Amino acid sequence: MKAKVKGPYIPPERGATERRTIMDLLRDEPMTAKDLSAEAGIAEKRVLDALEHIRRSAPSQGLRLVVEPARCRSCGFAFAKRDRLGKPGHCPMCKKTFIEEPKFRLEEI
């Protein structure tokens, strides 16, 4: 058997990273995690992980992640003091699960 002659390894072309893609989308308009997931083609859980990282790293780039809090569609309760970025399960006031997702955007400091 003849040995195969291998050529030099050429790595695949890299596109933008997931975080960079999300940051570019957030500069245009406020979006929910579900919107970002659909637009970027990334799982929603990975989008939330990336948003957490963006929240910590954005100030070094002169940016700030602004979170428009989730709201209960039944009674209007706003989850303003919530630190987690994901959608809450139910409203503490009326106990209903009809919750509007939080929206995210990037703005310059």
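This is a predicted model: local features need pLDDT of at least 70, side-chain atom pairs count only at pLDDT 80 or more; totals for chains, interfaces and linings use all residues.

Colleague: Good. With that cut-off, which residues is Arg19 in contact with, leaving aside its neighbours within four places in sequence?

Modeller: Arg19 is in contact with Ala50, His53 and Ile54. Arg19 itself sits in helix α1.

Colleague: And how accessible is Arg19?

Modeller: Its relative accessibility is 38%, so Arg19 counts as partly exposed.

Colleague: Let's zoom out. How many helices and strands does the chain have?

Modeller: Three helices and four strands. Starting at the N terminus, the order is α-α-α-β-β-β-β.

Colleague: What about the overall dimensions?

Modeller: The C-alpha trace spans about 75 × 35 × 20 Å along its principal axes. The radius of gyration is 20 Å, while a compact globule of 109 residues would have one near 13 Å.

Colleague: What share of the residues is buried?

Modeller: Buried residues make up 28% of the 109. The accessible surface of the chain is about 8100 Å², and carbon and sulfur atoms account for 50% of it.

Colleague: And the charges: how many positive and negative side chains are there?

Modeller: There are 23 positive and 16 negative side chains, and the centres of the two sets lie 7 Å apart.

Colleague: Back to α1, then. Which of its residues are buried?

Modeller: In α1 the buried residues are Ile22, Met23, Leu25 and Leu26. Looking down the helix axis, they fall within an arc of 165°, so they line one face of α1.

Colleague: Remind me why spacing matters for that sort of pattern?

Modeller: An α-helix has 3.6 residues a turn, so residues three or four places apart point the same way.

Colleague: Nice. What do the buried residues of α1 pack against?

Modeller: They pack against α2, α3, β1 and β4.

Colleague: And what is buried in α2?

Modeller: Helix α2 covers residues 33-40, and Ala33, Leu36 and Ser37 are buried there. Their arc around the axis is only 100°, which puts them on the same side of α2. These buried residues pack against α1 (18-28), α3 (44-57) and β4 (103-108).

Colleague: Which exposed residues are on the face turned away from that buried side?

Modeller: That face of α2 carries Ala38 and Glu39. Just after the helix comes Gly41, with a positive phi of about 70°.

Colleague: Speaking of backbone angles, which residue has a positive phi although it is not a glycine?

Modeller: Lys95 does, at about 65°. Most residues other than glycine have a negative phi. Lys95 lies in the loop between β2 (71-72) and β3 (99-100), and it is exposed, with a relative accessible area of 55%.

Colleague: What about Ala80, where is that found?

Modeller: Ala80 is also in the loop between β2 and β3. At 62% relative accessibility, Ala80 counts as exposed. Its C-alpha atom is separated by 7.6 Å from that of Ala70, 10 residues apart along the chain.

Colleague: Last stop, the strands. Where does Val67 sit?

Modeller: Val67 is in strand β1, which covers residues 63-68. Val67 is partly exposed, with a relative accessible area of 35%.

Colleague: And which residues does Val67 touch, not counting those up to four places away in sequence?

Modeller: Val67 touches Leu85, Pro102, Lys103 and Phe104. For Leu85, 18 residues apart from Val67 along the chain, the C-alpha separation is 8.1 Å.

Colleague: How much of the contact picture joins residues at least 24 apart?

Modeller: Among contacts between residues at least 6 apart in sequence, 58% join residues at least 24 apart.

Definitions and conventions. Residues are numbered from 1 along each chain as its sequence is written. Side-chain values use heavy atoms; hydrogens and water are left out. Helices (H or I, at least four residues) and strands (E, at least two) are DSSP runs, numbered from the N terminus. The radius of gyration is taken over C-alpha atoms; the globule rule is 2.2 Å times the number of residues to the power 0.38. Buried means under 20% relative accessible area, exposed over 50%, partly exposed in between (1.4 Å probe, protein chains only). Contact means heavy atoms within 4.5 Å. Accessible areas come from the Shrake-Rupley method with a 1.4 Å probe; for residues, only the protein chains shown count as cover. Lys and Arg count as positive and Asp and Glu as negative; His and the chain ends are not counted. The place of a charge is taken as NZ of Lys, CZ of Arg, CG of Asp or CD of Glu. The arc is that of the directions from the helix axis to the C-beta atoms.
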